[in-house]
Amino acid sequence: MSDIIEEKIKNYRTAPFDARFPNTNQTRNCFQNYLDFHRCNKALSDKGQDVAPCDWYQRVYKSLCPLSWVAKWDDQIEAGSFPGKI
């Protein structure tokens, strides 16, 4: 299973189609993948497992989200004022 994930990450070019977000505006897709990345990291870290599968979400949100949004969200997480539930 891990080999399949590693292969997908290796061949990653851009965010694939996600049926949850069929519209042209990909803002919600960006934010959801950002949340999923941090939730995945938290869940796997708490269990003491490898967080490599979470890299997929990070690659997707980095290809969709403007860098200024990501920087702002990272700052908000550090300050404890992030609006999303991680």
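Contact is taken here to mean heavy atoms within 4.5 Å. In this predicted model, V51 is placed in the loop between α2 and α3. Apart from neighbours within four places in sequence, V51 is in contact with N41, L44 and S45. The C-alpha atoms of V51 and F37 lie 9.7 Å apart, although 14 residues separate the two in sequence. With a relative accessibility of 28%, V51 is classed as partly exposed, because that class falls between the limits of 20% for buried and 50% for exposed residues.

The buried residues of α2 are N29, C30, N33, Y34, L35, D36, F37, H38, C40 and L44. The elements covering these buried residues include α3 and α4. After α2 comes G48, whose phi is positive, near 75°.

Beyond its neighbours within four places in sequence, C30 is in contact with Y61, L64, C65, W69 and W73. H38 is also found in helix α2. Its relative accessibility is 19%, so H38 counts as buried, the cut-off for that class being under 20%. With neighbours within four places in sequence again left aside, the contacts of H38 are D74, I77 and I86.

Helix α4 covers residues 67–79. Its 13 residues should span 18 Å at 1.5 Å a residue, and the distance of 18 Å between its end C-alpha atoms agrees. V70, W73 and Q76 are buried in α4. These residues cover an arc of only 125° around the axis and therefore lie on the same side of α4. The buried residues of α4 pack against α2 (27–47) and α3 (55–64). On the face turned away from this buried side, α4 carries the exposed residues L67, S68, K72, E78 and A79. Just after α4, G80 adopts a positive phi of about 80°.

The loop between α3 and α4 contains C65. At 6% relative accessibility, C65 counts as buried. Excluding neighbours within four places in sequence, C65 is in contact with C30, F31, V70 and W73. C65 and R28 are 37 residues apart in sequence, yet their C-alpha atoms are separated by 9.8 Å in space.

In soluble globular proteins, nonpolar side chains tend to be buried together. The largest nonpolar core of the model has 12 residues, namely C30, Y34, L35, F37, C40, L44, C54, Y61, C65, V70, W73 and F82. Both α2 and α4 supply at least two residues of this core. The greatest contribution is that of α2, with six residues. L44 is one of the residues in contact with V51.

Definitions and conventions:
Residues are numbered from 1 along each chain as its sequence is written. This is a predicted model: local features need pLDDT of at least 70, side-chain atom pairs count only at pLDDT 80 or more; totals for chains, interfaces and linings use all residues. Side-chain values use heavy atoms; hydrogens and water are left out. Helices (H or I, at least four residues) and strands (E, at least two) are DSSP runs, numbered from the N terminus. The expected span of a helix is 1.5 Å times one less than its number of residues. Buried means under 20% relative accessible area, exposed over 50%, partly exposed in between (1.4 Å probe, protein chains only). The arc is that of the directions from the helix axis to the C-beta atoms. A nonpolar core is a set of buried Ala, Val, Leu, Ile, Met, Phe, Trp, Tyr and Cys residues joined through side-chain atoms within 4.5 Å.
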